[in-house]
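I set out to record what I looked up in this structure, beginning with the annotated positions and then turning to the helices and strands.

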Amino acid sequence: MTPIVAHTRAELHDALAHMTGTRALVMTMGALHEGHLSLVRRGKELADHVIVSIFVNPTQFAPGEDFDAYPHTFDADLAKLSDLDVDVVYAPTPDDVYPHEPAVTIDPGPIARVLEGKTRPTHLAGVALVVTKVIQRVRPDVALFGQKDAQQLAMVRNLMDELDVPVRIEGVPIARDTDGLALSSRNQYLSDEERERALTLSRALRTAHQRANEGDSPSAVVEAAAQVLDEAEGVERDYVALTDEATFQIVALADSDQSGVTVPTTDQWPDRAYVLLAARVGSTRLIDNTIIDRPKGASGDAND
């Protein structure tokens with residue numbers, strides 16, 4: 001089934017006007033891969049109708065980032081969504097989303113000033129603005145976001161809760177290639193040699209799991225993962241961090257990463273933790289993460 005394609009707010013309104021039942025929203029910037037499609041499939045499980053937005057949002061790119069180079073593959077994207085029987089594709093122009101220079105901005109709070117927020121200071125505020133606008137236009141019952149962008153997922157959950165927006169935010173696990181590389185639209189920027197080097201990210205996360213299972217503290221786990229990145233040729237580490245999965249509070253941060261960010265001195269495991277990392281491979285910046293349940297007998301355990 002070919003989806004209805006809406007390029008304007010008015011066309012979107014018309015497409016949704018007679019839609020009965022529940023709605024799921026998947027927000028993308030296009031260049032769709034299996035990770036995006038897994039969100040769509042999950043949306044079909046949770047709601048009667050699925051709406052997918054395709055919009056490369058200028059407010060989340062800082063000067064010098066890859067906004068102009070970001071891949072545009074609309075025809076191929078539409079074919080993939082047709083195969084999944086998506087109901088509506090909302091593919092607006094920047095002028096439709098931002099008919100004038102935004103006079104109102106959204107401060108996502110402290111979560112936007114660490115990790116991705118520190119490296120890309122305007123990024124999460126731009127995401128917060130566009131997510132709020134599109135959710136208000138679509139009015140979904142559930143909106144789905146990938147766990148690969150864990151900080152974004154945590155920010156959106158907090159934002160919708162703080163603003164009392166009646167939508168459920170659903171996280172969907174990371175989709176990986178057979179060799180372990182997290183799927184990303186930016187992977188197509190990588191040369192064959194760079195793609196091989198990019199596997200260092202998932203190897204660093206496996207090391208984190210191993211060291212956690214061996215009883216290491218959060219700080220020792222992030223340092224071990226950082227060492228894997230640092231020893232790889234052609235990989236430039238940005239950060240490695242361990243955060244509380246529920247609150248996204250930083251528990252441990254690799255030495256020398258994110259100067260000025262305060263890290264607690266307790267170094268205790270939360271119930272569930274994200275290990276998050278970012279690194280540049282060639283000119284391409286990649287992120288990845290994994291979830292680790294508190295190791296048995298770890299500091300902070302109720303039975304300690």
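This is a predicted model: local features need pLDDT of at least 70, side-chain atom pairs count only at pLDDT 80 or more; totals for chains, interfaces and linings use all residues.

**Entry 1: Gln152.** I located Gln152 in helix α7, which covers residues 150-162. Leaving aside residues up to four places away in sequence, I found Gln152 touching Leu124, Val127 and Phe145.

**Entry 2: the annotation.** I then checked the record for Gln152. The unreviewed UniProt entry carries a "binding site" annotation that covers Gln60 and Gln152. These positions are spread over 93 residues of sequence, yet they cluster in space, with a largest C-alpha distance of 11.5 Å.

**Entry 3: Gln60.** I placed Gln60 in the loop between β3 (49-54) and α3 (74-83). Is Gln60 buried or exposed? I noted a relative accessibility of 9%, and Gln60 therefore counts as buried. With residues up to four places away in sequence not counted, Gln60 touches Met29, Glu65, Arg120, His123, Gly126, Val127 and Val130.

Entry 4: I traced an open sheet of 6 strands with parallel pairing, in the order β1-β4-β3-β2-β5-β6. The edge strands are β1 and β6 (168-172), each of which pairs on one side only. On average, neighbouring strands of this sheet are turned by 25° against each other, direction ignored. Ile4 stands opposite Val88 in β4. Returning to the helix that holds Gln152, I noted that α7 lies across β5 (142-146) and β6 and runs at about 170° to β6.

**Entry 5: helix α1.** Which residues of helix α1 (residues 9-17) are buried? I listed Leu12, Ala15 and Leu16. Seen down the axis of α1, these buried residues fall within an arc of 90°, so they line one face of the helix. I recalled that an α-helix has 3.6 residues a turn, so residues three or four places apart point the same way. On the face of α1 turned away from the buried side, I recorded the exposed residues His13 and Asp14. The buried residues of α1 pack against β1 (4-6), β2 (23-28), β3, β4 (88-90) and α6 (123-138).

Technical notes
Residues are numbered from 1 along each chain as its sequence is written. Side-chain values use heavy atoms; hydrogens and water are left out. UniProt positions are given in the numbering used here, feature names are shortened, and annotations may be inferred rather than shown by experiment. Helices (H or I, at least four residues) and strands (E, at least two) are DSSP runs, numbered from the N terminus. Buried means under 20% relative accessible area, exposed over 50%, partly exposed in between (1.4 Å probe, protein chains only). Contact means heavy atoms within 4.5 Å. The arc is that of the directions from the helix axis to the C-beta atoms. Two strands pair if DSSP finds at least two bridges between them. Axes are lines fitted to C-alpha atoms, for helices over the stretch in contact, and angles run from 0 to 180 degrees between N-to-C directions.
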